[in-house]
Amino acid sequence: MRASPISGVVLQTPITTISNVLQTQIVGLHTPYQGKVRDVYAIGESAMLLVATDRLSAFDVVMRQGIPGKGKILTQLAAFWFQETRGIIDNHFIAIDDAALRQSLADARALWEPSLSGRTMLCKKTTPLKIEAVVRGYLSGSLWKDYKNGDLARWGISLPGGLVESERLPEPIFTPSTKAEKGQHDAPMTPAEAKELLGMHYQPVVDASLALYRFAAERCAKAGLLLADTKFEFGIDSGGRLLLIDEALTPDSSRYWPADSYKPGGPQPSIDKQFVRDYLETVPGWNKQPPPPTLPEDILEKTAAKYRDALQRITGA
């Protein structure tokens with residue numbers, strides 16, 4: 001029997017069509033800041049639009065093709081979690097519904113574009129903090145590689161001996177990383193380095209990150225998912241408040257594992273773009289630099305199915 005979805009917020013914009021939006025341009029607004037997945041538009045002095053495209057990045061390279069519907073899934077999952085976690089820390093989310101988005105564009109004398117529906121969040125502007133706030137509940141990824149090699153110095157942490165890959169850690173741990181410029185890779189930071197960078201905001205970021213992880217991990221367990229690790233971003237609003245920003249607890253920022261197949265001692269099947277990563281590892285001669293190879297249709301569809309599975313398990317949508 002499949003685990004029950006998490007009950008809670010009803011999403012306002014159902015995913016009724018499969019789209020493939022790789023670029024956006026809103027008439028009347030300045031050319032957006034373009035991240036790997038999101039296009040960010042300023043709306044006046046205090047708000048912005050985050051538009052999640054269907055772009056896909058792997059190994060920090062944006063692929064030529066997108067994952068149909070991915071942007072809508074990311075947006076609706078992020079909106080779900082922003083609303084669910086407001087009791088832990090406030091966030092920059094304002095609205096996702098088309099009526100609010102249309103009004104914000106009208107106020108800015110910009111034109112509504114139908115492709116924005118379901119993939120766009122209206123958010124408060126903040127000043128982002130310059131770290132990635134990563135919380136890990138299981139020994140996986142780059143932390144596992146360094147643990148296996150006895151090289152945790154760059155993390156500034158210690159872990160018990162004798163752990164195996166994907167094993168649950170005794171307690172969730174905060175492992176901050178740098179927020180790399182475009183084309184570069186994030187790198188682990190020691191707690192001391194993060195504290196020096198964040199100053200008075202360091203401990204509130206740690207406390208909020210761990211509380212968010214614990215809350216989400218408990219809720220996901222009810223949906224038959226293990227939250228192996230996740231990345232949060234934080235910003236400071238005009239009033240000096242610390243807010244959760246960007247996205248939250250999506251398959252792009254988190255490592256989700258199906259609980260019914262979990263078996264420590266090796267890598268786990270994950271609900272994200274692992275099909276793409278695995279395929280790219282087999283491409284002869286590709287050095288993980290642009291230009292990327294063309295992805296087969298079955299790899300794109302399998303990845304899209306993983307994202308849809310995450311949305312359904314977590315929200316019931």
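## Close-up views of a predicted model

**Figure 1. T126 is buried, at a relative accessible area of 18%.** Everything in this and the following views comes from a predicted model, not an experiment. The cut-off for buried is under 20%, so T126 makes it into that class with its 18%. As for where to look, T126 sits in the loop that runs between β7 (120-124) and β8 (127-128). Which residues does T126 touch, once those up to four places away in sequence are set aside? The partners are G235, I236, D237, L243 and I245.

**Figure 2. M48 sits in strand β3 (residues 47-52).** M48 has a relative accessible area of 15%, so this residue is buried. Skip the neighbours within four places in sequence, and M48 is in contact with V40, Y41, A42 and I43, with H92, and with M121, L122, C123, K124 and K125. For a sense of scale, take L22, which is 26 residues from M48 along the chain: the two C-alpha atoms are separated by 19 Å.

**Figure 3. Helices α1 (70-84) and α7 (residues 297-315) pack against each other.** Two packed helices can be described by the angle between their axes and the distance between those axes. Here the angle is about 25 degrees and the axes are 10 Å apart. Are the two helices roughly parallel or roughly antiparallel to each other? Angles under 35 degrees count as roughly parallel, so α1 and α7 go down as roughly parallel. Their crossing is left-handed. On the α1 side, the contact is made by K70, I73, L74, Q76, L77, F80 and W81. From α7 come Y307, R308, A310, L311, I314 and T315. By type, the residues of this contact split into 9 nonpolar, 2 polar and 2 charged.

**Figure 4. Helix α1 is largely enclosed by the rest of the structure.** That wording is used because 14 of its 15 residues are buried. The end C-alpha atoms of α1 are 21 Å apart, which agrees with the 21 Å its 15 residues should span at 1.5 Å a residue. P68 is in the loop between β5 (61-62) and α1. P68 has a relative accessible area of 25%, which means partly exposed.

**Figure 5. Helix α7 has 19 residues and a set of buried side positions along its length.** From first C-alpha to last, α7 reaches 27 Å, close to the 27 Å expected at 1.5 Å a residue. The buried residues of α7 are I299, L300, T303, A304, K306, Y307, D309, A310, L311, R313, I314 and T315. An α-helix has 3.6 residues a turn, so residues three or four places apart point the same way. What do the buried residues of α7 pack against? They pack against α1, β12 (225-236), β14 (254-258) and α6 (274-280). Just after α7 comes G316, with a positive phi of about 80 degrees.

**Figure 6. Helix α5 (residues 202-221) has 20 residues.** Its first and last C-alpha atoms are 29 Å apart, close to the 28 Å expected at 1.5 Å a residue. Among the buried residues of α5 are Y202, V205, V206, L210, Y213, R219 and C220.

**Figure 7. D246 and E247 both belong to the loop between β13 (242-245) and β14.** Phi of D246 is near 70 degrees, a positive value in a residue that isn't glycine. Is E247 buried or exposed? With 7% relative accessibility, E247 counts as buried. Neighbours within four places in sequence aside, E247 is in contact with R38, A78, F82, D252 and S253. F232 is 15 residues away from E247 in sequence, and their C-alpha atoms are 7.5 Å apart.

**Figure 8. Two backbone spots are worth checking, at F59 and at the P290 to P291 bond.** Most residues other than glycine have a negative phi, and most peptide bonds are trans. F59 has a positive phi, near 55 degrees. F59 lies in the loop between β4 (57-58) and β5, and is partly exposed at 23% relative accessible area. P290 and P291 are joined by a cis peptide bond, with omega at about 0 degrees. P291 belongs to the loop between α6 and α7.

Conventions. Residues numbered from 1 in each chain as written. Predicted model: local features only at pLDDT ≥ 70, side-chain atom pairs only at ≥ 80, totals over all residues. Heavy atoms only, no water. Helix = DSSP H or I, 4+ residues; strand = E, 2+ residues; numbered from the N terminus. Buried < 20%, exposed > 50% of the residue type's maximum accessible area, 1.4 Å probe, protein only. Contact = heavy atoms within 4.5 Å. Axes fitted to C-alpha atoms, helices over the stretch in contact; angles between N-to-C directions. Parallel < 35°, antiparallel > 145°, perpendicular 65-115°, else oblique. Left-handed = near helix turned anticlockwise from the far one by under 90°. Nonpolar A, V, L, I, M, F, W, Y, C, P; charged D, E, K, R; others polar. Expected span 1.5 Å × (residues − 1).
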